[in-house]
Amino acid sequence: MMKHLYFQGEDSSRPTLLLLHGTGGNEHDLVGLGKEIDSSANILSVRGNVLENGMPRFFKRLAEGVFDLEDLQARTEELKSFLDEAAQTYKFDRDQVVAIGYSNGANIAGNLLFEYKDVVKGAILHHPMVPRRGVEIPVMSGTPVFIGAGKNDFMCPAAESEELKDLLQNAGASVEMHWHEYGHQLTQSEVQAAKEWYKANF
Ligand code: MLT
């Protein structure tokens, strides 16, 4: 079980947005962002089950930017199972889930794509890193993925954002990159770009 919020959207034909916060956040953080992206979608906003000095996260890290890969794998599985269960509990269409994550939340969303075929219909990844390397990624037939990245993101260098784009594209995803000139922060223009992209794809 994962701590979460669920809001039923007005239109059952719209996707369900799976919202995944950054380090130190919680299930309330991205609800406004989700409503901005699609005001009539269902919203499933989840709190990460790991605590780092009191800060919720979706998986453990050994140091900043150095992931505990064993924990990442176990937590990714836990999140996938939670998503499957939530679809039954709340009766939303499991095949119509779009993940939206920021930072640590984008990293576990990226790892969902790396580990499980057809796990989500699409994803908006705000400032993601490459979750792991040297693994085979399931084939994606045109899965739409939006990556928001910062040219001066100390947490995720521009080259790593490009690397993630290439890995997903080589697996068959249809990736759109959005760059801003700043660091790790999520800017309003990045949110607007994600919204335009979402409208065009879903
Ligand atoms: C991570 O650990 O997932 C990254 O360092 C991003 C973050 O947590 O802010």
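Which helix holds E196? E196 sits in helix α5, which covers residues 188–201. Keep in mind that this is a predicted model. The tour below starts at the ligand, moves on to the aromatic rings, and ends with a few residues worth a look on their own.

**Around the ligand**

- The shell around the ligand is made up of T23, R57, F59, R61, G65, F67, S103, N104, N107, M129 and M155.
- By residue class, that shell splits into five polar, four nonpolar and two charged members.
- R57 brings a polar side-chain atom to 2.8 Å from a ligand oxygen.
- On its own the ligand would expose 260 Å², and the protein buries 96% of that.

**Aromatic pairs**

- Searching the whole structure turns up six aromatic pairs.
- One of them is Y6 with F92, a stacked pair with ring centres 5.9 Å apart and planes at 20 degrees. The planes count as stacked because the cut-off is under 30 degrees.
- That pair ties together distant parts of the chain: Y6 belongs to strand β1 (residues 4–7), while F92 is in the loop between α2 (69–90) and β8 (97–102), 86 residues apart.
- Y6 has a relative accessibility of 16%, so it counts as buried; F92, at 7%, is buried too.
- F59 and F67 make an edge-to-face pair, 4.8 Å from centre to centre with 80 degrees between the planes.
- Both of these phenylalanines are buried, and F59 and F67 also turn up in the list of residues around the ligand.
- There is a cluster of rings as well: F146, W197, Y198 and F202 belong to one aromatic cluster.

**Lysines over rings**

- K35 has its charged end over the ring of F7, 4.5 Å from the ring centre.
- K80 does likewise with Y116, its charged end lying over that ring at 5.3 Å from the centre.

- E196 has a relative accessible area of 48%, so it falls in the partly exposed class.
- L113 is part of helix α3, residues 104–115, and its C-alpha lies 7.5 Å from that of I137, 24 residues away along the chain.
- With a relative accessibility of 3%, L113 counts as buried.

**Positive phi outside glycine**

- N53 has a phi near 45 degrees, a positive value in a residue that isn't glycine.
- You'll find N53 in the loop between β4 (50–52) and β5 (55–57), and it is exposed, with a relative accessible area of 77%.
- H127 isn't a glycine either, yet its phi is positive at about 60 degrees.
- H127 sits in the loop between β9 (122–126) and β10 (144–150).
- Is H127 buried or exposed? Its relative accessible area is 2%, so H127 is buried.

Terms used
Residues numbered from 1 in each chain as written. Predicted model: local features only at pLDDT ≥ 70, side-chain atom pairs only at ≥ 80, totals over all residues. Heavy atoms only, no water. Near = heavy atom within 4 Å. Polar contact = N/O pair within 3.5 Å; in protein donor to acceptor, adjacent residues only side chain to side chain. Areas by Shrake-Rupley, 256 points an atom, 1.4 Å probe, with all protein chains shown as cover. Nonpolar A, V, L, I, M, F, W, Y, C, P; charged D, E, K, R; others polar. Phe/Tyr/Trp six-rings, centres within 6.5 Å; stacked < 30°, edge-to-face > 60°. Helix = DSSP H or I, 4+ residues; strand = E, 2+ residues; numbered from the N terminus. Buried < 20%, exposed > 50% of the residue type's maximum accessible area, 1.4 Å probe, protein only. Lys NZ or Arg CZ within 6 Å of the ring centre and 35° of its normal.
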